[in-house]
Amino acid sequence: MKNEVNVHKKRWLVLVVILVIAAIDIYQHTKSGFSVEMWLRLSGILFISYSVWRLGGKYEQKYESYNQLLHEKEQIKDRLMVVSNKKEEYENLFNSLDGAIYSFDLSNQDIYYSAGINEVYGYSQDAFKDHHELWKEMVHEEDVTKVEEAEKQLLTGETVRVEYRILHPELGQRWLIKISSPTLNKDGILTKINGQFMDITDRKELENKLKQMAYYDELTDLPNRKYLYSYIRKALARAKRSKHNFSLMFIDLDDFKIVNDTMGHEVGDKLLKAVVNRINDCIREEDLIARIGGDEFIVVFEETTKDQIEVISSRLFNSVALPYTIDENEVNISVSIGISMYPDDGEDKETLIDHADKAMYFAKSTGKNNYKIYTHDLHEVKSNNIGLLEKLMNTIQNSKIFK
C-alpha cells in the first residue's frame, strides 16, 4: 500500500515538474507576444503532459497488479508451506505406526506405502509401488486361498482382517495380519482401499508356546490328557458317522519305578524318551500316542482291524523290551498293553478307557510284557492303578478349555 502511494506521488511530481518547466518556457516566449510557434509549443507541452499523465496511470495500474501478484504469490507460498508441513506430519505419523500403512486409489491405480513396509516385508516402498502384487506373491502357499478369499470379500465393500505367513528375505517365515477398509462413492462403487500390515510373529509364537504347554507333555512332546480327550471325542464322532471301528491301546511300563529309584530320575526321563521313540516306530503315522501319566500312554487307532491291532501290539512289546543303553548303562524294561475296541467294548470314551485299563492290568498281572484285548469276563477285574480313570476324567472335566 505504501508503494502504491509513492507511485501515485511520483506521477503527480513528474507532471508538476513538466508543467513548471512549460510555464517558465511559455513565460519567456510571451514577452515578445504570442505567435504560431508559441501556440505550437503550448500544444506540445499540453500533449506531453497529458501523455505523461496517461502513462503514469497505466504504470500505476500495472504496478498495483504487480503488487497484487506478489501478495498472492506470498499467500500461495504460505499455503504450500502449510500443506508441506501437514504432509510431513502425516508421513511421520504413518511411519511411526506399527507395521506399514497403505492406501490404494482404484481410480488411477495409485498406491502409497509407509516406510514400515520395508521392515514388514523386507522390500522398499518403491518396489511395492512399482509392483502392486508383490505382497501377494510372498504369501505362504498354504495361506494363498485364505488371502484370496479375504480379497474377494474386500471387493464387496466389507472390511476384512486376514492372518497369513510370508517368507521374509532376511528373517525367514513371518506371520502377518492385513487389515483393509474399503471406501465407496455415493453410487456404491469401490474407489479406495486403506489398510495396514502388521508383523504378529511374536504373538503367534506365544500362542503356539501356550498351546504347547496346555496340550503337550513337556518331557516327551507328546499330546497330554487334555489333547487326548478332545481327540477321542472327535475320533468317536467320525467312527459313529462313518460306521468304522475305533480302538484304544493302554500302555504301561513294567517296573519303571525301579529304574527311577535305582538309577535316578534323569536316567528315567531319558528312558521314557527312548521308549516313546520305539513306540512311534511301531505304530503308523496317522495313529495318535498321548502320555497320560508318569509311565502310562494311550494310543488311538482309527479304522484298524483286530488283526492289525494284534500285529502292532506284538511288534510293540517286542521292540520296547530290547535293551537300552543310557549314560553307558544297560537298562531293560517291558510293557503291559490293554486294548478296547469301539463299539464292542464301549461306545463312549470313559468306558473305552476303563476297559483298556482293565485289559492292561490283566496283562500285567499274568506275567507282564504282554497284551490283552478286553473281553466281558474282565468286567470285574480290579485295576491296581486305583483312581487312574477318575484322575483322567476329573482333569479333563475341570479344564475350562473343553467346557
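## Glu158, a loop residue

With a relative accessible area of 41%, Glu158 is partly exposed. In this predicted model, Glu158 sits in the loop between helix 6 (144–155) and strand 3 (160–168). Setting aside residues up to four places away in sequence, Glu158 touches Gln153 and Pro182.

The side chains of Glu158 and Gln153 make a polar contact at 2.9 Å. Pro182 lies 24 residues from Glu158 in sequence, and the C-alpha atoms of the pair are 6.6 Å apart in space.

## The chain as a whole

Let us step back for a moment. The protein chain has 403 residues, and buried residues make up 39% of them. Its secondary structure consists of 13 helices and twelve strands. If you take the contacts between residues at least 6 apart in sequence, 58% join residues at least 24 apart.

How confident is the predictor? The average pLDDT of the protein chain is 82, and 76% of the residues score at least 70. Among the elements, strand 7 (residues 288–291) has the highest mean pLDDT, 96, while helix 13 (residues 388–398) has the lowest, 48. The pLDDT is below 50 over residues 385–403, a stretch that has 27 contacts in the model beyond near neighbours in sequence.

Ser180 belongs to strand 4 (residues 172–184). Is Ser180 buried or exposed? Its relative accessibility is 1%, under the 20% limit, so Ser180 counts as buried. Leaving aside neighbours within four places in sequence, Ser180 is in contact with Tyr102, Leu154, Thr159, Val160, Ile193, Asn194 and Gly195. There is also a polar contact of 2.8 Å between the side chains of Ser180 and Lys178.

Lys192 is found in strand 5 (residues 190–199). Here the relative accessible area is 32%, so Lys192 is partly exposed. Not counting residues up to four places away in sequence, Lys192 touches Ser103, Phe104, Asp105, Leu106, Ser181, Pro182 and Thr183. For one of these, Phe104, the separation from Lys192 is 88 residues in sequence and 5.6 Å in space, C-alpha to C-alpha.

## Helices 9 and 10

Two packed helices are described by the angle between their axes and the distance between the axes. For helix 9 and helix 10 (residues 265–282), the axes cross at roughly 140° and come within 7 Å. Helix 9 is therefore oblique to helix 10. From helix 9, the residues Phe256, Val259, Asn260 and Met263 meet His265, Val267, Gly268, Leu271 and Leu272 in helix 10. By class, the contact of helix 9 with helix 10 has six nonpolar, three polar and no charged residues.

Met263 has its place in helix 9 (residues 256–263), and with a relative accessible area of 30% the residue is partly exposed. Apart from neighbours within four places in sequence, Met263 is in contact with Asn329 and Val331. Between Met263 and Asn329, which are 66 residues apart along the chain, the C-alpha separation is 9.3 Å.

## Helices 8 and 12

How do helix 8 and helix 12 pack? Helix 8 (residues 225–242) and helix 12 (residues 349–365) meet at an angle of about 110°, with their axes 10 Å apart. Helix 8 is therefore roughly perpendicular to helix 12. Tyr229, Ile232 and Leu236 of helix 8 make the contact with Lys349, Leu352 and Ile353 of helix 12. Sorted by class, the contact of helix 8 with helix 12 has five nonpolar residues, one charged residue and no polar ones.

Helix 12 also holds His355. His355 counts as buried because its relative accessibility is 9%. Not counting residues up to four places away in sequence, His355 touches Ser340, Asp345, Tyr374 and His379. With Asp345 there is a further detail: the side chain of His355 reaches the backbone oxygen of Asp345 at 2.6 Å.

Note on methods: Residues are numbered from 1 along each chain as its sequence is written. This is a predicted model: local features need pLDDT of at least 70, side-chain atom pairs count only at pLDDT 80 or more; totals for chains, interfaces and linings use all residues. Side-chain values use heavy atoms; hydrogens and water are left out. Axes are lines fitted to C-alpha atoms, for helices over the stretch in contact, and angles run from 0 to 180 degrees between N-to-C directions. Helices (H or I, at least four residues) and strands (E, at least two) are DSSP runs, numbered from the N terminus. Angles under 35 degrees count as roughly parallel, over 145 as roughly antiparallel, 65 to 115 as roughly perpendicular and the rest as oblique. Contact means heavy atoms within 4.5 Å. Ala, Val, Leu, Ile, Met, Phe, Trp, Tyr, Cys and Pro count as nonpolar, Asp, Glu, Lys and Arg as charged, and the others, Gly among them, as polar. pLDDT is the predictor's confidence in each residue, from 0 to 100. Buried means under 20% relative accessible area, exposed over 50%, partly exposed in between (1.4 Å probe, protein chains only). A polar contact is a pair of N or O atoms within 3.5 Å; within protein, one must be able to donate a hydrogen and the other to accept it, and residues adjacent in sequence count only if both atoms are side-chain atoms.
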